[in-house]
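Q: I have a model open and would like to go through it piece by piece. Can we start with the strands?

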Amino acid sequence: MATVNLSDYKPLHINNAEDFSIGIVFSEWNDFVTYNLRDAALEILAKEGVKQENIKLFSVPGAFELNYASMQLCKERRFDAVIAIGCVIRGETPHFDFVCDAVAQGIKDCNILTDTPTIFCILTDDTKEQSIARSGGDLGNKGVEAAVTALSMINFKRNLSDKKGNIGFGK
Ligand SMILES: Nc1c(NC[C@H](O)[C@H](O)[C@H](O)CO)[nH]c(=O)[nH]c1=O
Ligand SMILES: CC(=O)[C@@H](O)COP(=O)(O)O
């Protein structure tokens, strides 16, 4: 299990988190980073009361494939939120830019073309060191932020349907 940097995580105490269902799609490319992001997100979801059986994991080869997998899960309307996890590290050619732009656009499309909040937990770094620092290193863990964001967006969506307007945090 990854060492989760919780330094800036404050429990949300979201109501009814035990009923939330979340799909996590993670890429195998740079798994020394993406597994840490994934595990940190899982740890936060557990801390906030999401049942393990309501969290489903899916792996894809690379960040570019997060587009297809995330959109498929969103179209199925199977989850309250989807978290897309990847790590793109710049190489010698413009390929980095195309992959990063494509996955940013693809995850954006999931959010505007479907009813499922889809969280962009994709590191886009110039160096491996930058990625390591953001996946449980000195700069925290983006997986923590992604889990918090997913819970917040599910809550947002539920409050929209409740039409109550309250944010629903806290006991
Ligand atoms: N260089 C990285 C990639 N490249 C692979 C693409 O994401 C994709 O799998 C391929 O182009 C086939 O469609 N992927 C990453 O996730 N991270 C990288 O640093
Ligand atoms: C971001 C990537 O796809 C990366 O592996 C490409 O490396 P390169 O630009 O050196 O081919």
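Q: Is β3 mostly enclosed or open?
A: In this predicted model, 8 of the 9 residues of β3 are buried, so the strand is largely enclosed by the rest of the structure. Buried means that 20 or more other C-beta atoms lie within 10 Å of the residue's own; exposed means 12 or fewer, partly exposed is in between, and C-beta atoms are placed from the backbone. Helices (H or I, at least four residues) and strands (E, at least two) are DSSP runs, numbered from the N terminus.

Q: What should I know about the numbering and the cut-offs for a predicted model?
A: Residues are numbered from 1 along each chain as its sequence is written, while chains are lettered from A and ligands numbered from 1 in the order in which they are written. As the model is predicted, local features need pLDDT of at least 70 and side-chain atom pairs count only at pLDDT 80 or more, but totals for chains, interfaces and linings use all residues.

Q: What do β3, α3 and β4 make?
A: A right-handed β-α-β unit. Right-handed means that, with the strands pointing away from the viewer, the path from the first strand over the helix to the second runs clockwise.

Q: Which residues have the most contacts inside the largest nonpolar core?
A: Val25, Ala41, Ile83 and Ala84, in a core of 46 residues. Such a core is a set of buried Ala, Val, Leu, Ile, Met, Phe, Trp, Tyr and Cys residues joined through C-beta atoms within 7 Å. Elements that each supply at least two residues of this core include β1 (22–27), α1 (31–47), β3 and β4 (118–125).

Q: What does alanine 84 touch?
A: Leaving out residues up to four places away in sequence, alanine 84 touches several residues, among them Val25, Leu66, Ile107 and Phe120. Contact means that the two C-beta atoms, placed from the backbone, lie within 7 Å.

Q: New topic: ligand 1. Which residues come nearest?
A: Trp29, Gly62, Ala63, Phe64 and Val88, out of 13 residues around ligand 1. A residue counts as near if its C-beta atom, placed from the backbone, lies within 6 Å of the molecule. β3 gives the most to this shell, with 4 residues.

Q: Which residues does the UniProt "binding site" annotation cover?
A: The unreviewed UniProt entry lists Glu92, Thr93 and Arg134. They span 43 residues in sequence and the farthest two C-alpha atoms are 23.3 Å apart, so they do not all gather at one spot. UniProt positions are given in the numbering used here, feature names are shortened, and annotations may be inferred rather than shown by experiment.

Q: Is glutamate 92 buried or exposed?
A: Exposed, with 6 C-beta neighbours inside 10 Å. Glutamate 92 lies in the loop between β3 (81–89) and α3 (95–113). Threonine 93 is in the loop between β3 and α3, and is exposed with 8 other C-beta atoms within 10 Å.

Q: And asparagine 30, buried or exposed?
A: Buried, with 21 C-beta neighbours inside 10 Å. Asparagine 30 sits in the loop between β1 and α1, and its phi is near 55°, a positive value in a residue other than glycine.
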